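The tour moves from the whole chain to single residues.

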Amino acid sequence: METKALASNTVALRLERQEDIRWLEVLRLREELQDASDRCQAEGPCLTWEVAQLRAENRALRYRLHRPRVCFGQELIQQAKMEHAAALAAAPAPGTQTPHNHRLCSHGEADVMMYLFGFSMKLLLRVFFQWQKQHLPPPPGQSQEEDTKKKKKKEERELCAEERKQLRFIQDRVRLFETLKEDCQLLFTICQKEGDTRKVISIRVADGEMVHREVWKNTSHQVASEISQELAESTVVAKVNGELWDLDCPLEGDATVELLITFDNREAQAVYWHSSAHILGEAMELLYYGGRLCYSPPTENGFYYDMFIEDRAVSSTELLVLEDICKAIIKEKQPFERLEVSKGILLEMFKYNKFKCRILNEKINTPTTTVYRCSPLIDLCKGPHVKHTGKIKAIKIYKNSSTYWEGNPAMETLQRVYGISFPDNKMMAWEALQEEAKNRDHRKIGKDQELFFFHDLSPGSCFILPRGAFIYNTLMDFIREECHHSHFTEVLSPNVYKKLWEASGHWQHYSENMLTFAVDKDIFALKPMNCPGHCLMFAHRPQSWREMPIRFANFGVLHRNELSGTLSGLTVQRFQQDDAHIFCTVEQIEEEIKACLQFLQSVYSTFGFSFQLNLSTRPENFLGEMALWDETEKQLQNSLVEFGKPWKVNPGDGAFYDPKIDTEIQYAVGRYHHCATIQRDFQLPIRFNLTYVSKDGYKKNPVIIHAILGSVERMTAILSENFGGKWSFWLSSQQVMVIPVVPTCENYALQVSSAFSEEGFMADVDLDHSCTLNKKIRNVQLAQYNFILVVGEKEKTNNAVNVRTRDNKIYGEISLTSAIEKLKDLKKSRTLNAEEEFEALPCTPFCITLF
């Protein structure tokens, strides 16, 4: 006992000395930075990486120091009690006298006495020095220095007190979790005794193997281990009866278990990155004691954690420190523990964090919810998670930014830290992809190719320049043509309405996303979508079953009050989209939805996109009757099955008025983006009392099918990143560049350019005399012009052009007429590889004369 106590004391003293040394080093570095200019006003206090690292290490030491100190005190007290009991046992019998100068004193008592003596001496010295400062004058020249030191010490004491206060909430949180965990284990033991735990359940593994085990005594991880230890180690998460499940969660009944072992599986990837976000949250709590954690979702490209820090911002110099702490947490292989707890207890557990309390009060509608623990971190979370932190093999904390609580500028400002992680050595490949994505960013391409720009005087709206307008209008013409082939008729509707949105139900569910203004005591709103206006069009005269289906297409301007935090690039408030609506009978629904899916396939194949179909089902705040929702979801499922392409279910992700089919397209560097939506709507026809006369002469409500490819602005952004600025010829705003070899050919070059422009091409001519011919060709290729037409004296004489591509493929001399006809055919076909297919097209056997 004595040896352990002395060892604890030694560790405590050593850690205390390290803490003091590091704190002095922090103070030294602070003094060096006092005269430096404020270089990081936007980021808050500007600290070097060295200071940030020392601060993090100092806090970690203080956290480690707390436990040895407590152990040492407990050891001393326990030792004193034991030796006191031994002394009483060895005391003389009653009536005998102990010599006055003899005193029972053990080593334990001596240690306690020495500790108390030292504490008393420190107290006496502190009182003496305080009296000396108050009654004796300070030495000359030291008064100001003493005041400065006093002020610094006071600040340090306040800082340490605040950090101890912040550390206390972590301890209280962990203590409550442990109590709840013990209660849960006790309850489980009682249930085992009272219930029939010998019941055998059937567990079918995804490959078809069936095993039989006792209920509540087996987990997905144990099932995997019985198959192969390698399989158990590589499994990210389990899927039990179609639902994601923690590997260590006991199986409750007959189950089909699917083991998700590949990181390429998007569900497994999301779980992996969500677990990584918890590791980041633990690191942020250790580094920023005053911070309050908020949200930590996985994203398509990693994860992030939001934190509220009242008096400062996260500095980019601290990202390496956070990453080092994350790596230390990973090495500890901290297990993820799950508990289901009542809402009231959780409000007590998270009373220090107003943001978690908001989530509990505003987002959680059930009596209980789940929390996950990862060593000191305990967080609200649905889960599931990986088995332990050691499953994360590589992690990088790479970016920080500011945001608002739930994207609302009226709420608190939060600090957001981004990360990425992998189960193997894919970090190098990811960093290369990030660099490629940066070069493909549509904001960069839009600026470099002069397609569009933004201005503070019209936030959330895009100024589209001439070259961008060509791409924009070409897309619009293409979608119009596709709508015409699918038997849609184009209509136009007003931009501003009053009282319409109350009738449609949007005002109750969507008003915060609408731009409104008052006129003569009436509230008007700019339309965020076209469906209510189309309902008014359908209702303006009686309709018959003979006219059904009626298909409206609308390309009007829409406005939505997007939160400033969500506005980025061509994600804007003012936009146009191919908003189409089909009014049909119940019998026509499945056929119309199938036609809409074929319409999407035709459009996306033109751009070379692959896409994923998702059936988004009933949300919590749905309108209407449950039976109608079930019927509608069944019809959408039938259409998807008949369409024959893979699809999956997104539970609870439907619109408030109907389920829908969402599409995600994959583009650029493996990214996914939500685009088209198809949904059946049985609410709007009822709300607007829309009717048609059926075959039997009765009035019936039609069904509305919403079919939307997405905004033209968003599609422009996606295409620019997908092509990386190398636009397909039919879409390109830089289709043809004419380069004269010598000045005497400049007039001919201008006439060639005009001939292409008159045929609807985007054609330019390079008349710059400061560059050589080879330099001009190279510049044009870098500018991503699809075709380069070089004209010299020979071409001028033959009324021809010399053709080459941006990839430096040379086709040689060809007559001007043939070149124009070939390019017209390539543009009409909307081919993705016009530069490769140019040679395969036949030449026109005659020429036109320009003179």
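Select arginine 312 to begin. This residue sits in the loop between strand 8 (302–308) and helix 8 (319–331). Helices (H or I, at least four residues) and strands (E, at least two) are DSSP runs, numbered from the N terminus. Arginine 312 counts as buried, because its relative accessibility is 16%. Buried means under 20% relative accessible area, exposed over 50%, and partly exposed in between (1.4 Å probe, protein chains only). Now show the side chain of glutamate 318: the side chain of arginine 312 makes a polar contact with it at 2.7 Å. A polar contact is a pair of N or O atoms within 3.5 Å; within protein, one must be able to donate a hydrogen and the other to accept it, and residues adjacent in sequence count only if both atoms are side-chain atoms.

A word on the model. It is predicted: local features need pLDDT of at least 70, side-chain atom pairs count only at pLDDT 80 or more, and totals for chains, interfaces and linings use all residues. Residues are numbered from 1 along each chain as its sequence is written, and side-chain values use heavy atoms, with hydrogens and water left out.

Zoom out to the whole chain. The protein chain has 25 helices and 34 strands. Of its 851 residues, 46% count as buried.

Next, select helix 13 (residues 466–485) and helix 20 (residues 712–723). Their axes come within 10 Å and cross at roughly 110 degrees. Axes are lines fitted to C-alpha atoms, for helices over the stretch in contact, and angles run from 0 to 180 degrees between N-to-C directions. Helix 13 and helix 20 are therefore roughly perpendicular to each other (angles under 35 degrees count as roughly parallel, over 145 as roughly antiparallel, 65 to 115 as roughly perpendicular and the rest as oblique). Show side chains at the contact (heavy atoms within 4.5 Å). Helix 13 brings Ile471, Tyr472, Leu475 and Met476; helix 20 brings Val712, Glu713, Met715, Thr716 and Leu719.

Stay on helix 13 and pick asparagine 473, which lies in this helix. Asparagine 473 is partly exposed, with a relative accessible area of 42%.

The axes of helix 13 and helix 17 come within 11 Å and cross at roughly 145 degrees. Leu475, Phe478, Ile479, Glu482 and Cys483 of helix 13 meet Phe599, Ser602, Val603, Thr606 and Phe607 of helix 17.

Move to asparagine 218, in the loop between strand 2 (210–214) and helix 5 (220–227). At 10% relative accessibility, asparagine 218 counts as buried. Leaving aside neighbours within four places in sequence, asparagine 218 is in contact with Arg213, Glu226, Cys249, Pro250 and Leu251.

Finish with the backbone. Most residues other than glycine have a negative phi, and most peptide bonds are trans. Where are the stops here?

- Glycine 383 to proline 384: this peptide bond is cis, with omega near -5 degrees.
- Methionine 548 to proline 549: cis again, with omega near 0 degrees.
- Asparagine 808: phi is positive, about 65 degrees, although this residue is not a glycine.
- Arginine 830: phi is near 55 degrees, a positive value in a residue other than glycine. Look in the loop between helix 24 (816–829) and helix 25 (834–837).
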